[in-house]
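Please have the sequence and the 3D view open while reading, and find each residue as it is named.

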Amino acid sequence: GAEVIGAVGSDWKSEAVLKAGADHAITYISEDMRERVKEITDGRGADVIYDPVGGDATDLALRCIAWRGRLLVIGFTGGRISEIPANLLLLKGASAVGVFWGDFAERERESKERDFQWILDRVASGQLRPRISATFALENAPEALELLAERRVVGKQVLVVR
């Protein structure tokens, strides 16, 4: 039931997130993300922000967060670990939550098993369809890493080890 806004760094990624089911796409390189989020949400801002990129993307995202919104810090694929300005959290009554799968899986094993089964059931039924951008033989791993470094991947890449 959520209205999903995909924030991406290129036009071709905008097409990909819309095709995957997002209601809106913002190309933050060429658009004013804060203004577009305000426009889409009638000035409210984003209630939940999923941020696997970090760095500049986090800085932009926090300026788009709604009153009592939540920033989910997933990772730092952009390379820079964000320094979250506490004043933005204060002014928006917002929170930042770290979401680290590895530690969660270790500390909450029962929840992990239940959640993983929920995901696998939806993949099996076709409700969830992970996007595979490309598949590479293991000896072509450098090519796969180059695509990642150049930010030309949408979804996951698969390395085949056999």
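In this predicted model, Lys 38 is partly exposed, with a relative accessible area of 35%, and its side chain meets that of Glu 35 in a salt bridge with an N to O distance of 3.8 Å. Glu 35 is partly exposed as well, at a relative accessible area of 42%. Both residues lie in helix 2, which spans residues 33–40, and they are three residues apart, about one turn of the helix.

**Other salt bridges**

- A search of the whole structure finds ten salt bridges, and one of them brings together the side chains of Asp 56 and Arg 80 at 2.9 Å, N to O.
- This pair links distant parts of the chain, since Asp 56 belongs to helix 3 (residues 56–62) while Arg 80 sits in the loop between strand 4 (65–73) and helix 4 (86–92), 24 residues apart.
- Asp 56 counts as exposed at 55% relative accessibility, which is over the 50% cut-off, whereas Arg 80, at 35%, counts as partly exposed.
- Glu 150 forms a salt bridge with Arg 152, with the closest N and O atoms 2.7 Å apart; Glu 150 is partly exposed at 41%, and Arg 152 is partly exposed at 46%.

**A buried lysine**

- Lys 13, placed in helix 1 (residues 11–19), is buried yet has no salt bridge, and the nearest side chain of opposite charge, that of Glu 150, is 11 Å away.
- The side chain of Lys 13 does reach the backbone oxygen of Arg 151, at 3.0 Å.
- Leaving aside residues up to four places away in sequence, Lys 13 touches Val 8, Arg 151, Val 153 and Val 154.

**A nonpolar patch on the surface**

- Trp 118, Ile 119, Val 123 and Leu 128 form a nonpolar surface patch, and together they have about 340 Å² of accessible area.
- Val 123, which lies in helix 6 (residues 109–125), is partly exposed, with a relative accessible area of 34%.

**The chain as a whole**

- The chain contains seven helices and seven strands, which run from the N terminus in the order β-α-β-α-β-α-β-α-β-α-α-β-α-β.
- Of its 162 residues, 28% count as buried, and the accessible surface comes to about 11400 Å², of which 55% belongs to carbon and sulfur atoms.

Definitions and conventions. Residues numbered from 1 in each chain as written. Predicted model: local features only at pLDDT ≥ 70, side-chain atom pairs only at ≥ 80, totals over all residues. Heavy atoms only, no water. Helix = DSSP H or I, 4+ residues; strand = E, 2+ residues; numbered from the N terminus. Buried < 20%, exposed > 50% of the residue type's maximum accessible area, 1.4 Å probe, protein only. Lys, Arg positive; Asp, Glu negative; His and termini not counted. Salt bridge = Lys/Arg side-chain N within 4 Å of Asp/Glu carboxyl O. Polar contact = N/O pair within 3.5 Å; in protein donor to acceptor, adjacent residues only side chain to side chain. Contact = heavy atoms within 4.5 Å. Patch = residues over 30% accessible without salt bridge, like charges linked within 9 Å, V, L, I, M, F, W, Y side chains within 5 Å. Areas by Shrake-Rupley, 256 points an atom, 1.4 Å probe, with all protein chains shown as cover.
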